[in-house]
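Grab a pencil and let's work through a few exercises together. Have a look at the structure first, then try each task before you read its solution.

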Amino acid sequence: MSLDKTLRDINRRPLSVQDKKQVKGILPEYFQTEYPKFASFLEAYYDYQDSDLSPTRLIDELFLNRDITQVDIDLLSFIEDELLLGQQYFEGFVNKREAADYSSTLYKSKGTKYSIEQFFRVFFNTFVDVKYTKENVFIVGNVHDIEKEKANQNAGITPYAPEITVSASRIGHESQRYITNDKLYQKYALLIKTTLPIQTWIDEYKLFVHPAGMYVGGEVQIISIAEPDYLIMPPGIPDSDGPRYVDQADVAVVAFNATNHIVQDLGSRQEPFTLNPFQLGQFPPNMTLAAFDLNFNNLANVQNPGSNTFDDDSTPADPSYPKMSSDSKVLMNFSNDFF
Amino acid sequence: MVTTIRSTDLDFTTIKNNLKLSLKNNTEFADYNYEGSGLSNLLDVLAYNTHYNALIANMALNESYLTTAQLRSSVVSLAEAIGYMPASKTAPSATVNLSVNTGNLAGRPSVLSIPRGTKFTTTVDDVAYTFETIGTVTATDDGNGLYVFKDNLDREAITIKEGTNITKTFLVSENSPDSVYVIPDKDMDTTTAFVSVFADLTTTAYATYTDLKDADSIDDQSKVYILRETPNGFFELSFGDGNTLGKAPESGNKIVVEYLSTSGPDANGADTFTPTAQVNVPTGAGNNAFNLTTTTVTKAVSGALVETVESIRKNAPFSYASQNRMVTAVDYAALIKRNFGYLIKDIQAYGGEDAVRKEYGVVFISIVFKDDVTQATADKAKGDITALARQLQVITFDIKFQDPDITYLEAAVRFQFNPKFTSSSVQEIQNRVDDVVTNYFTNNTGLFDQSFRRSNMLALVDDVDPSVLSSRADLKIQKRYTPLLGSNESAVLRYASPIAEPNDERPVVKSSAFFSNGVKVTIQNKLDSYKLQLISIDDSTVFVDNVGEFAPSTGVLSLTGLIVDSIIGGNSFIKISADAANPSSASPGQNQIVVFDDDLSFVQAEITATN
């Protein structure tokens, strides 16, 4: 049997106003010698006072009536009335005392992601994932490598479009961008992913923490627990060796061709990155890295034929390498230069 | 242990019997004769002691919670503990235009001012009241000697408030740096308090202190005060601690509190104000007195008594939940009501995501103003509410006001009356039933979230007298359409509940009479159809075949191409009544309220000899 590790100090107040042990201490001594029966009778009376039959049991509650930790659960509902907007919600709270304890913190942080998470933890004993879905709204416009432009600006190079701070979105399922609609995908919306259906929490949520004026969407998360047995290697089969680091080769690539690797600059080190041969075959063998860099923002552009952009004014450094192709299997965008 | 706040346990006989039972369960006292006089007397004393203690414990416990406390002092104290300051009495306020015409008085000043506290007299129900200005107002010579006064916000509508200006002075003694200063006046309007602190008794320079709830931030130099109701209904003034929570007056300082002691709602409705003194216009040659011309802009409204216990009980938790910031819809409602409660009968706030036509980034506010609030006052309040929201919003969403959408209810109440069960006449009983029906609607409709329940109303009707054997009621729902006379108009009316399906016996939609293109007509639905027609009242023919339609399930009625020349009956609107799909109830939705139309409702007795 596990030990009780709770830190809660229930019955931490050594108060007892109806303690029958006090009887003999308070009565004059001669009462105990001459009238022992009467002393016992009074003790029996105090036993009655302590029982559920007696209405004076409420006296004990007087010392605890504002103590959220110890007050009787029935009386706690009256505190909930004051702190948690009425007891019609009280029965639904999973952690009733915590709900009251943290009400002030909850209210003070109202409107924040933290308050939403706290609300679900305290009221429904569950964790949620809060998403501001405006971040997933598809943005039409020019594609810019914002970081690169900032770096250019810092280096004294005139940025291409310094006024643009948000890059346009890429087409394709992997970009997770959605056309603006009248629900989740607009400026004022948030999405709450939880294991509970929205009908269970929406009323209380709106009452306590929801910023009025914002759309709220709910997604039910179905969480499976992995069965650990499946992950155990059958007996008798030895573990294979793990990957081993052998050495690092510096690849000095000055021109691009189908047999070379492209060197990806990762700050202080360089790391080889192999392109899909099929894609490599789309490029002229004498394409320089400089031209390659100007035509693609990053390697993901090269790797994902589906990551097309609505770039309307691309100006490739070398027009002989147009970005566009009518072949949907290769990299393409919608550059005006091509159409 | 089971603990509830009940008084049902406090019956003396029950206590004594339970005590007896408890003692009998004790082996030492099981065989005693508890009916014997000696022991019975002892049990009486102990049971009385238990009863007495339990009564006090019960009362003390009840007074510990906002929802169960009975004493106003307890409720106020508990509300203050969660940061809610109950409203004091509120002085009625009116707005007036003030001007002085000096003609071509030589040597007149370019600017005139009249001080805070300039008095005006008025009467309401033959009782005299005094109103006064609440700030200094100034006027500039227009070149012809006419001075039109404006307030500090450059408005010509000058606010005056009812009450007697009281000045209370306190001297801070050596031993009382953290004292409270009691203002023994239950009629104080705390919103009019002006607190100034002088360095000593003789100096004329002073520092002005502001109410804590108006403070943006507090440090050791903040000049803030707290004014709260005391358990005996007076008010007490206190200051910061002098260290971190605001500056505290020091020993030897003089504290002066000026405020209005008001009559509250008694002076509401005052609309004629007479200045008590002339305005002095100084020139180089001496002083000249001129009459202050006073024109009423809005009559006196919003005077109110001290906030009721039930109101405190309801508002305090929401105020606590709002933490003085507007985030959730109920925050908006709570804080607006807290600041403008003297004007508001009911309020509903909802985010644009919950509006019928979604509008994100917007919070809608719908207010039922008190009956005596004029349109001008309501418009001004809306501007002030928007300004308040700008201060308290966490996100700068737009505020949009949506007037309550009113659906009127017409009730046709009939009851079976047997005269042999009463000495009252049928007319007397009918009048009493009529009063009950009117009271039902007064008490249960007219605010947001208030619904009409036919069964509840009929239960009250049945209880009027034993001679009322049974009752029934038919319900019509009604919208009012105010047309622009002579224009070809379209409109959409949204009823608070669904409309009955059309039938082939009689129209379910029918309007009051009006003239259209010179013909006296009424709007009716075509039998067994959703189509609306104009029917000539004189010959019952169809005058215009199609002026719109209605959708029973949604309760939406659309008018199209309707031309109204004039409206019969003196109203500026047409009443369009419809049979309710469910006559047993009318539950308004968002932004809707239902209101009783007494004119089109009636009570009718049906005399019967049956039991």
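**Exercise 1: Where the chains meet**

In this predicted model, chain A and chain B bury about 4900 Å² between them, and carbon and sulfur atoms give 66% of that area.

Task: Find out which element gives the largest share of the side of chain A that touches chain B.

Solution:
- Step 1. Start with the contacts: 51 residues of chain A touch 58 residues of chain B.
- Step 2. Look at the polar side of things: the two chains share 24 residue pairs in polar contact, both at pLDDT 80 or more.
- Step 3. Now the salt bridges: there are four between chain A and chain B. One of them joins the side chains of E28(B) and K37(A), at 3.3 Å from N to O.
- Step 4. Check the elements: α3 (36-50), α4 (58-62), α5 (73-83), α7 (103-108) and α10 (198-208) of chain A each give two or more residues to the side that touches chain B. The largest share, nine residues, comes from α3(A).

**Exercise 2: One glutamine**

Task: Is Q533(B) buried or exposed?

Solution:
- Step 1. Locate Q533(B): it sits in strand β29 (residues 531-536) of chain B.
- Step 2. Buried means under 20% relative accessible area. Q533(B) has 6%, so it counts as buried.
- Step 3. See who is around: Q533(B) touches residues including T522(B), V542(B) and V547(B). Its side chain also makes a polar contact with the side chain of D545(B), at 2.9 Å.

**Exercise 3: A nonpolar patch**

Task: Which helix gives the most to the nonpolar patch of chain B?

Solution:
- Step 1. List the members: F12(B), Y48(B), Y52(B) and I56(B) make a nonpolar surface patch of about 420 Å².
- Step 2. Helix α2 (residues 37-62) of chain B gives the most, with three residues.
- Step 3. Take Y52(B), which lies in helix α2 of chain B: at 46% relative accessible area, Y52(B) is partly exposed.

Methods
Residues are numbered from 1 along each chain as its sequence is written. Chains are lettered from A and ligands numbered from 1 in the order in which they are written. This is a predicted model: local features need pLDDT of at least 70, side-chain atom pairs count only at pLDDT 80 or more; totals for chains, interfaces and linings use all residues. Side-chain values use heavy atoms; hydrogens and water are left out. Helices (H or I, at least four residues) and strands (E, at least two) are DSSP runs, numbered from the N terminus. Buried means under 20% relative accessible area, exposed over 50%, partly exposed in between (1.4 Å probe, protein chains only). A polar contact is a pair of N or O atoms within 3.5 Å; within protein, one must be able to donate a hydrogen and the other to accept it, and residues adjacent in sequence count only if both atoms are side-chain atoms. Contact means heavy atoms within 4.5 Å. Patches are made of residues with over 30% relative accessible area and no salt bridge: like charges are joined within 9 Å, nonpolar side chains (Val, Leu, Ile, Met, Phe, Trp, Tyr) within 5 Å. Accessible areas come from the Shrake-Rupley method with a 1.4 Å probe; for residues, only the protein chains shown count as cover. Buried area is the accessible area (1.4 Å probe) that two parts lose on being put together, summed over both. Lists of a residue's contacts leave out its neighbours within four places in sequence.
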